[in-house]
Amino acid sequence: MGFLLETIIGGLMAGVLYSLIALGFVLIFKASGVFNFAQGAMVLFAALAMARFAEWIPQWLGFESALLANALGFIVALALMIVVAWAVERFVLSGLVNQSGVTLLMATLGIAYFLDGFGQTLFGSEIYRLDIGIPKDPVIVADGWFEGGLLISREDVFAASIAGALVVALTVFFHSTAVGRALRAVADDHQAAQSIGIPLGRIWVIVWSIAGFVALVAGMIWGSKLGVQFSLSLVALKAFPVVILGGLTSIPGAIVGGLIIGMGEKLSEVYLGPLLGGGIEIWFAYVLALLFLLVRPQGLFGEKIIDRV
Amino acid sequence: MIYRENGQFKTNYLSDQQILPIRQDRIAIALLLIVAAVIVPLTATEYLFSAILVPFLVLSLAALGLNVLVGYCGQISLGTGAFMAIGAYAAFNFHTRIDGFPLLLSLLMGGACATVFGVLFGIPSLRIRGLYLAVATLAAQFFADWAFLRIRWLTNHSSSGSVSAGRLELFGLPIDTPAQRYLLCLAFVVVFAVLVKNLVRGAIGREWMAIRDMDVAATVIGIRPTYAKLSAFAVSSFIVGVAGALWGFVHLGSWEPAAFGIERSLQLLFMVIIGGLGSIMGAFFGAAFIVILPIFLSQFPAWLGLPLSTTAAAHLEAMIFGVLIVFFLIVEPHGLARLWSTGKEKLRLWPFPH
C-alpha cells in the first residue's frame, strides 16, 4: 500500500513536469492555431542559454555569487527567447497565414531543426550542469502510517510548486490584464480580433514569448534534473500525449492531462511492465491518451470540433 | 509550341481515359523509363546506386503510400516508420523461417502484415480527427519501436533486435550487384505508381478525396466513412510495408528497430508535404529533395573551402535543413508538384506570355 502511494505520488510529480512543457504547446495553439513541434527545441535552447550564460557572466563580470549568476542567466535567456519569438513571427508565421494545419506543423518542425542546430552551435553540444539550488535529497514522510514511510523526492516537490505557481500566474494574467484579454480574443477568432483592432502580429510575438518563458522554466527544472543536453528536446515527445489528452486548447487540460499521464505511466511501468518485458512507459502514455480520445475526441477539456457543412 | 495537343484527337473512350493523354507526355515518360531501366544500370557508379538511387526509389515508394493516406484521404499519420518496420520484420520472418520462400512473396507478405496493423491503428481515425489523430498515430510508432526491441520471437530471438536479410534471390537469379538491386526497386516503384494512379482516378480515389475535403458532407451524400478511411489506411500501409521490406532487404541488408524510428516518419511526412500533397509526382519530387539535400549539405562546406569540424558541420546541416523547409513552405505551400504543373502550364503557352 505504501509502495502504491509512493508510485502514485511520484507519477503525479512527473506529470506536473510534463504539464510544464505541455503548457507551452497549449498557449501557442490557443493563440495562433499552430501545433508547435518546436517546443522541445525551445526548451533545449532556453536551458542551454541559461546554463551557459550562468557560467559565462560570472567570468565576464568577475563575481562569485551563484544566485546572481543564475538570476542574470535567467534574464538573458528570457531576452533571447523573446528574440526567438520575434524572429519566428517575422520570418515564419507571417508568411504562412491561413495555411493548413499540416503545413504549419511542418514549418514548426523546420524551426525545431533550426533551433537544435543553432543552439548547439552557439552554446556547444556537451552536457552542462544547471544548478539552481534545488535540494536533491529525498525526504521521508508519514512513517507513522506506513512502515518505512513514503519516499518523496524534494526536487520533484519544488518543481511541482514552481509549476503550480506558473499556472496560477498565467491564469491571473489571462483573466485580469488587457493583454491577456487580447490573447483570449485572438484565440477565439483571428478575424474578429483583427477587426476590432488587435494587432495580430504583435499578439503572436507576445504569445510565443510567453511560451518561450514557460519553455525556459521547464528547461530550467528538467535541466537541473537531467543535466542540459540534447535529449532534453526529446522530453517534448512525452508531453504530446498530455496535450492531446487534456485538449489542445485548454490550460487546465494540460495540468489534468499531465497528472493522468504521469500517474498512468508510473503505475503501468511498475505493475504492467514486468508482465510485458519492461520499457512500456512511452507507448503506454500514448495508448492511454488514445483511449481517452476515443471517448472524447477533442480531449478532456478541449473545444468541441464543430464542422459546418 | 512544343507542348500543344493540336492534332491529337481521341476516337474512342479507351484512349480518352488513358493516364497520359498527351503524346508529348507519353514520349517523355517512355524516354525516362528507358534511361532509368537501361542507361542508368550500365553507366552509374556504385556510390550513385547505393547512396542516391536505391534510397530515392524506396523512399519514394513509401512517400507514395503516405501520400495516399495524407494527401488523398486527409488523415495525418505520424506512424509511418512503424508500418515500414512491420513490413520489414514480417518479410524477414517469412524469408528466414520458411525455407525456399520466394523473395517476391515475402516482400508482399510483409506488406500484407503491415496492412493488418494499418487497419487496426486506423480504427481511431473513425472517431478522432486532425492534429489529435496525428499525435495518436505516434502510439503506433512507439509501440512498434518497443515491440521489435522486446518481443524476441519477432526478431528470431536476436538479442538487440537487429536482423539481417542474407542473400537475395529472385526466380533463381541472384540480386547481388547494386545495379540488380536498383532494377528490383525500380520494378516495384513503377508497378506501384501505376496501381496507385489508377486507384486514385477511380471511384475509391474520389471517395478518399471527398473525405479529405469535407468528411461530413461526404457522409451526407452516401460515402461510407468507415470504408473510405480504413481502405486508405489499408492501401497506404500495404505500400509502406512493401517499401519498408525493400528498405531493409535491399538498401540496408541488416537493420535494427532504430532504422524505422520517429525520425523516419517525420522524414516521410516532409517528403510528402514538400513534394506536394495529393499528387503522384509529388512523392517522387519530395523523395528526391529529401534524399539529395543532406548529401548536398554535407559536401557544401568542403566546396566553399571552410574548415568545419564534423559536429559543427552536422549542426550547420540541421540549421540549413530547417531554414529550407520553412522557405519552401512559405514560397510554395502546395509543394514541388505544384511548381512542376505551373511550369507545364507555362510551357503550353511558350513562347507566348498568355
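Mentor: Helices here are DSSP runs of H or I with at least four residues, numbered from the N terminus. The model is predicted, with local features needing pLDDT of at least 70 and side-chain atom pairs pLDDT 80 or more, while totals for chains, interfaces and linings use all residues. Residues are numbered from 1 along each chain as its sequence is written, with chains lettered from A and ligands numbered from 1 in the order written.

Trainee: How many residues does α1 of chain A have, and how far does it reach?

Mentor: Helix α1(A) covers residues 2-32, which is 31 residues, and spans 45 Å from first to last C-alpha. That is close to the expected 45 Å, taken as 1.5 Å times one less than the number of residues.

Trainee: Where is the kink in α1(A) centred?

Mentor: On Ile21(A), with an angle of about 30°; a bend is the angle between axes fitted to the seven residues ending at a residue and the seven starting there. Just after α1(A), Gly33(A) has a positive phi of about 70°.

Trainee: And what about α2(A), where does that bend?

Mentor: At Phe53(A), by about 25°. Helix α2(A), residues 39-61, has 23 residues and reaches 32 Å, close to the 33 Å expected. Gly62(A) follows α2(A), with a positive phi near 75°.

Trainee: Changing topic, how many residues of chain A are in contact with chain B?

Mentor: 40 residues of chain A are in contact with 38 of chain B, contact meaning C-beta atoms, placed from the backbone, within 7 Å.

Trainee: Which element gives the largest share on chain A's side?

Mentor: α4(A) does, with 15 residues. The elements giving two or more residues are α4 (101-123), α9 (235-246) and α11 (281-295) of chain A.

Methods. Two residues are in contact if their C-beta atoms, placed from the backbone, lie within 7 Å.
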